[in-house]
Amino acid sequence: HKDSYKDKATYSDAFFIKNKTGKYALFNDKGKQLSKFIYDSSNIFVNNSTVVYKEKDGYAILNNKGKEVVPFGKYGYISNYQGLYRVRSDKGYALIDSEGKVLIDDEDISVDSYGQDYPFAVVETEKEIIVYMYDGTKIYTFEKKSDAKDATVNHIDNYATVFYNGENIVFNLKTKKLIKSFKNKQHYC
């Protein structure tokens, strides 16, 4: 099943188990324990990474082998958006990928990821609306307009559309490529 975009995004050979004290440990699909029961919270894996939290140490990003890709305490807060992470940085907020690479470092960014069926995120900065795939691939950039409504999205099978300020883009979720861009007053789904 690793051939579809969704399976590639969410497949992982690691998972968390919660013990009776409420702590989580990481295990691989062969049953080998990869960490102690030390995490206070965990999340799903996307692109073989996830965010974890320890009350004393804060947030970190782990890969599916248990390695800290982003160490505890590097960022004040980490939110998971389909394999991308919005983090609190020195400038305000940043967007990083599942390997800790900074994609955007801006004072104020917002991120929408629309649930597990959408393996992409729409990121809004002061000047742009950017569509990123779960692995950090940039699909498209819209120029932000102060009078435009929020971006809207739709998807079916291996295709998705994003509509913003009278422009529709259609892209292939499997190949991560833009197929078509066209102007219209409404969102074509």
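# Surface, fold and charge pairs, checked against definitions

Tutor: The protein chain exposes about 10,500 Å², and carbon and sulfur atoms supply 44% of that area. Accessible areas here come from the Shrake-Rupley method with a 1.4 Å probe; for residues, only the protein chains shown count as cover. The model is predicted: local features need pLDDT of at least 70, side-chain atom pairs count only at pLDDT 80 or more, and totals for chains, interfaces and linings use all residues. Residues are numbered from 1 along each chain as its sequence is written, and side-chain values use heavy atoms, with hydrogens and water left out.

Student: How many helices and strands does the protein chain have?

Tutor: One helix and 17 strands. The elements are DSSP runs numbered from the N terminus: helices are H or I with at least four residues, strands are E with at least two.

Student: What share of the contacts joins residues 24 or more positions apart?

Tutor: 31%, among contacts with a separation of 6 or more. Contact means heavy atoms within 4.5 Å.

Student: Why is D13 called buried?

Tutor: Buried means under 20% relative accessible area, exposed means over 50%, and partly exposed lies in between (1.4 Å probe, protein chains only). D13 has 18%, so it is buried. Across the chain, buried residues make up 46% of the 189 residues.

Student: How do you know that D13 and K65 form a salt bridge?

Tutor: A salt bridge needs a side-chain nitrogen of Lys or Arg within 4 Å of a carboxyl oxygen of Asp or Glu. D13 and K65 meet at 3.4 Å, N to O. The pair links distant parts of the chain, 52 residues apart: D13 is in the loop between α1 (5–10) and β1 (14–18), K65 in the loop between β4 (58–63) and β5 (68–70). K65 has 55% relative accessibility, so it counts as exposed.

Student: What makes D57 and K54 a salt bridge?

Tutor: Their N to O distance is 3.2 Å, and the limit is 4 Å. K54 is at 17%, so it is buried. D57 is at 39%, so it is partly exposed.

Student: Which residue forms a salt bridge with K145?

Tutor: E143, with the closest N and O atoms 3.5 Å apart. E143 is exposed at 56%; K145 is partly exposed at 32%. By this rule the count comes to seven salt bridges.
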